[in-house]
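Student: I have a new structure open and I'd like to learn how to read it. Could you walk me through it?

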Amino acid sequence: MTATTRTHHAPAPAAGRTVTGRVLTGDRPTGGLHLGHYFGTLANRVRLQQQGCELFVVVADYQVITDRDRPVDLAERRTAMVLDYLACGIDAEASTIFAHSAVPALNQLLLPFLSLVSTGELDRNPTVKEEIRTADRSSVNGLMLTYPVHQAADILFCKAELVPVGKDQLPHLELTRSIARRFNERYGPVFGLPEGLLGAAGILLGLDGRKMSKSLGNGIALTDCPDQVAAKVRAARTDSERRISYEPTRRPEVATLLTLAGLCLDEDPASVAGRIGTGGAAELKRVVTESVNTLLEPIRIRRAGYGAADAERVLRRGAERAREIADATLVEVNAAMRMG
Ligand code: TRP
């Protein structure tokens with residue numbers, strides 16, 4: 001944890017800050033959200049909203065094209081993502097849910113921001129490096145290297161104070177803070193410095209022990225039905241020791257499952273292990289399946305109450321509000337830069 005980051009368990013505001021300010025976060029609409037997203041940031045979003053924060057959620061459609069060379073049906077992906085949000089309990093009336101592509105002034109901020117970062121800095125971003133490694137392509141496109149700067153525009157256009165994210169997003173947040181600081185130094189004070197808020201999970205591992213990820217197909221999606229959850233958990237690797245114990249280094253597969261159950265039950269993984277005792281892998285898997293399904297049940301029920309038309313309405317309304325704010329910020333930025 002860095003000095004600029006708070007955790008789920010430390011909800012007290014940092015010195016001099018209120019938590020009722022603006023909160024911005026977002027996701028790439030590359031497929032359904034999974035439990036890694038849920039524990040990484042979705043749960044925090046709902047909690048912050050309940051505390052009275054003004055929540056902004058960006059459906060990061062421009063980030064989808066960082067690593068694909070074929071067209072994707074982005075409109076359909078956006079709708080599915082918004083349904084995931086509504087299902088998790090994000091209140092669409094109180095929050096602003098919008099897509100990158102619907103807010104021109106946000107995208108325009110990318111240009112001055114690009115001038116504030118060095119190519120070396122972009123090359124060194126560990127999250128981007130990892131994405132380049134897993135994409136395994138013969139060449140790297142320019143957006144792959146620069147999307148973190150675009151992400152800074154997502155955060156700064158609305159002057160968000162708090163950014164609930166998974167740990168892998170912290171390099172982008174550091175870059176955002178550098179851009180804000182450098183802009184202010186060069187042109188005068190326009191931006192505050194946003195802080196990150198890490199979820200309970202850090203990075204939740206997938207059922208194969210690698211980071212839970214849509215592209216690796218090792219996660220439990222929020223839309224998985226009880227049987228799909230059971231099948232995925234059944235297929236997860238364990239070991240043959242009867243007594244279940246939480247030992248992440250010696251028994252990583254078992255620890256991954258205990259962590260997942262612990263998060264769903266809001267219980268320490270070691271205590272989940274204690275309850276299972278000598279029940280072995282079968283009992284462990286039963287507990288994991290049941291705890292995941294209990295967590296997902298209200299999410300499934302809420303989702304069933306919404307349709308594509310609701311999602312589209314939410315996006316339209318969000319875009320209007322985001323445009324108003326982005327336009328105002330761009331006016332301020334242009335004035336500071338003596339362009340306006
Ligand atoms: N990069 C984030 C992800 O892959 C999505 C994202 C886009 C985001 N813009 C953001 C997250 C702004 C936080 C703040 O999940």
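This is a predicted model: local features need pLDDT of at least 70, side-chain atom pairs count only at pLDDT 80 or more; totals for chains, interfaces and linings use all residues.

Student: Which domains does the assignment give?

Tutor: Domain bounds come from an automatic or database domain assignment. Here, domain 1 covers 22-204 + 308-336, and domain 2 covers 226-304. Taken over C-alpha atoms, their centres are 31 Å apart.

Student: How many residues of domain 1 are in contact with domain 2?

Tutor: Contact means heavy atoms within 4.5 Å. By that rule, 13 residues of domain 1 touch ten residues of domain 2.

Student: And what is the area buried between domain 1 and domain 2?

Tutor: Buried area is the accessible area (1.4 Å probe) that two parts lose on being put together, summed over both. For this pair the figure is about 900 Å², with carbon and sulfur atoms giving 75% of it. Leu35, Phe39 and Ala87 supply 52% of what domain 1 buries against domain 2, more than any other three residues.

Student: Which side chains meet in a salt bridge?

Tutor: The term means a side-chain nitrogen of Lys or Arg within 4 Å of a carboxyl oxygen of Asp or Glu. Between domain 1 and domain 2 the count is one. The side chains of Asp84 and Arg303 form a salt bridge, at 1.9 Å from N to O.

Student: Where does the largest share of domain 1's touching side come from?

Tutor: Helices are DSSP runs (H or I, at least four residues), numbered from the N terminus. The helix α3 gives six residues, the largest share of the side of domain 1 that touches domain 2.

Student: Is Asp84 buried or exposed?

Tutor: Buried means under 20% relative accessible area, exposed over 50%, and partly exposed in between (1.4 Å probe, protein chains only). Asp84 has 2%, so it counts as buried. Asp84 sits in helix α3, residues 74-88. Leaving aside neighbours within four places in sequence, its contacts include Leu222 and Arg303.

Student: Why does Arg45 count as buried?

Tutor: Because its relative accessibility is 0%. Arg45 belongs to helix α1. Not counting residues up to four places away in sequence, Arg45 touches several residues, among them Asp27, Tyr85 and Ile90.

Key: Residues are numbered from 1 along each chain as its sequence is written. Side-chain values use heavy atoms; hydrogens and water are left out. Helices (H or I, at least four residues) and strands (E, at least two) are DSSP runs, numbered from the N terminus.
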